[in-house]
Amino acid sequence: MKHKVAVVDDHTLLSEAIAGLVRQFPDFEVVALCKNGKELLNYLKNSKKHPNIVLMDVNMPVMSGIETTTALSKNYTDIKVIALSVEEDEQVILKMIRAGARGYLLKDTQKSVLKQALIDVAKVGFYHTNTVKKLL
């Protein structure tokens, strides 16, 4: 059984590129591409094909990654969030983790790290880089 992934990012080309990478990993399939958190929540209300994992941008218009992750933590407890952002600020990273993110990756990460993060979050429930481990 493949793990279902949603990509939430307001940059279309980037979200499609990330989805393309995820589709190369044999145990994962992309079920949704959303431009912001509100679009993801609408998708979840109207679809039966819910993701197990969401790759979530932090800074988006309409509804940010932090707001969306908080909503998912309250209403969709079975969905795990991995933040995927350019934001390196410690306070932002901690806000995402406190909101319920199970991992935090920078967008300039290696493909192999993204794959390992998806595998770990699917199997163990979390993935933390050394940077996040030091913050925690």
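Predicted model: local features only at pLDDT ≥ 70, side-chain atom pairs only at ≥ 80, totals over all residues.
At what angle do helix 1 and helix 5 pack, and how far apart are their axes?

1. Helix 1 (residues 12–24) packs against helix 5 (residues 111–123) at an angle of about 65 degrees, and their axes lie 10 Å apart. Angles of 65 to 115 degrees count as roughly perpendicular, and helix 1 and helix 5 are therefore roughly perpendicular to each other. Their crossing is right-handed.

2. On the helix 1 side, the contact is made by Leu21, Val22 and Gln24. Helix 5 contributes Lys111, Leu114 and Leu118. By class, the residues of this contact of helix 1 with helix 5 divide into four nonpolar, one polar and one charged.

3. Helix 2 (residues 37–46) and helix 3 (residues 65–75) pack with their axes 9 Å apart, at an angle of about 25 degrees. Because angles under 35 degrees count as roughly parallel, helix 2 is described as roughly parallel to helix 3. Gly37, Leu40, Leu41 and Leu44 of helix 2 meet Thr68, Ala71 and Leu72 of helix 3 in this contact. The contact of helix 2 with helix 3 has five nonpolar and two polar residues, and no charged residues.

4. Helix 3 also packs with helix 4 (residues 90–99), here at an angle of about 20 degrees and with the axes 8 Å apart. Helix 3 and helix 4 are therefore roughly parallel to each other, and helix 3 passes helix 4 in a left-handed crossing. From helix 3 the contact draws on Gly65, Ile66, Thr69, Thr70 and Ser73, and from helix 4 on Lys95, Met96 and Ala99. By class, the contact of helix 3 with helix 4 has three nonpolar, four polar and one charged residues.

5. The largest pocket has a volume of about 170 Å³. Strand 5 (103–106) and helix 6 (130–135) each supply at least two residues of its lining. Strand 5 gives the most to the lining of the largest pocket, with three residues.

6. Which residues line the largest pocket? The lining consists of Glu87, Glu88, Ile93, Tyr104, Leu105, Leu106, Asp108, Thr109, Thr129, Thr131 and Val132. By class, the lining of the largest pocket has five nonpolar, three polar and three charged residues.

Terms used. Residues numbered from 1 in each chain as written. Heavy atoms only, no water. Axes fitted to C-alpha atoms, helices over the stretch in contact; angles between N-to-C directions. Helix = DSSP H or I, 4+ residues; strand = E, 2+ residues; numbered from the N terminus. Parallel < 35°, antiparallel > 145°, perpendicular 65-115°, else oblique. Contact = heavy atoms within 4.5 Å. Nonpolar A, V, L, I, M, F, W, Y, C, P; charged D, E, K, R; others polar. Left-handed = near helix turned anticlockwise from the far one by under 90°. 1 Å grid on protein atoms, 1.4 Å probe; cavity = no way out; pocket = protein on both sides within 12 Å on 5 of 7 lines; lining within 4 Å. Points joined across faces, edges and corners; volume = space filled by probe spheres on them.
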